[in-house]
Amino acid sequence: PELVSDLPTDRSGRGLCDLAKGSGLLLENVTFINAVALEGTATLKNVTISDKNATGDTYMLWIRAGSTVTAEDLTIDGKSATGNLNRAIAIKDQYIADPQPTTLTINSATITSDKYAAVYVTSASATTVDLKGTIDVTGTAVNDKVVQIDSGNVTVNDNSTKVAVPGTQEE
């Protein structure tokens, strides 16, 4: 896979960073100050994503259905500085005619948001979310769960130590 390492990424005024189309991507020690969209296979290690000044309600990390994403030591600051209702992670099949199965693995993370839980799933494809390590979601809008399911066939494998208000994983 292509390696992007030790890089602060600023796309101020240019919107979303579209990455990882097809062949795969390894992001290591990268800080994004704009929202990120992933498609295909991607690995994130020690990555921070924040878009405090987004011009509208924004998902910090948008994962297109059919992707395989692994995140280790992930920080997502989904809190808006401009009064928007920002969200953390979305797995969606919007604009996809035939969505394929999706897998998201999170091993240790701190995630905040203005709206929804840390991971919001709305996809007709089969989705698997694997949670490992310590997942801190106390700063999310729905902080009694890590995964919030809007639609789709979702499996949550939870081997994590959650820092959250007690509740269930699935809605």
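These questions and answers concern a predicted model.

Me: How many strands does the chain have?
Reply: Read along the sequence, the pattern is β-β-β-β-β-β-β-β-β-β-β. The chain has 0 helices. The number of strands is 11.

Me: What share of the contacts between residues at least 6 apart in sequence joins residues at least 24 apart?
Reply: The chain has 171 residues, and buried ones make up 49% of them. Among its contacts between residues at least 6 apart in sequence, the share joining residues at least 24 apart is 66%.

Me: Why is strand 4 described as largely enclosed by the rest of the structure?
Reply: Strand 4 covers residues 59-64. Tyr-59, within that range, has a relative accessible area of 12%, and is therefore buried. Trp-62 has 19%, which is under the 20% limit for buried, so Trp-62 counts as buried too. Strand 4 is largely enclosed because the number of its 6 residues that are buried is 5.

Me: Which strand pairs with strand 4 over 5 bridges?
Reply: Strand 3 (residues 36-50) runs parallel to strand 4 and is joined to it by 3 bridges; Val-36 has Leu-61 as its bridge partner there. The pairing over 5 bridges is also in the parallel sense and involves residues 87-92. In it, Arg-64 has Lys-92 as its bridge partner. The strand asked for is strand 6.

Me: Is the aromatic pair of Tyr-59 and Trp-62 stacked or edge-to-face?
Reply: A search of the whole structure finds 2 aromatic pairs. In the pair of Tyr-59 and Trp-62, the rings are 5.7 Å apart centre to centre, with 80° between the planes. Planes over 60 degrees apart meet the criterion, so the pair is edge-to-face.

Me: What is the centre to centre distance in the aromatic pair of Tyr-116 and Tyr-120?
Reply: Tyr-116 and Tyr-120 are both buried. Their planes are 10° apart, under the limit of 30 degrees, so the pair counts as stacked. The centre to centre distance is 3.9 Å.

Me: Which residue lies over the face of Tyr-59?
Reply: Tyr-59 is buried and forms an aromatic pair with Trp-62. The residue over its face is at 5.3 Å from the ring centre. That residue is Arg-87.

Notes
Residues numbered from 1 in each chain as written. Predicted model: local features only at pLDDT ≥ 70, side-chain atom pairs only at ≥ 80, totals over all residues. Heavy atoms only, no water. Phe/Tyr/Trp six-rings, centres within 6.5 Å; stacked < 30°, edge-to-face > 60°. Buried < 20%, exposed > 50% of the residue type's maximum accessible area, 1.4 Å probe, protein only. Lys NZ or Arg CZ within 6 Å of the ring centre and 35° of its normal. Helix = DSSP H or I, 4+ residues; strand = E, 2+ residues; numbered from the N terminus. Contact = heavy atoms within 4.5 Å. Pairing = 2+ DSSP bridges.
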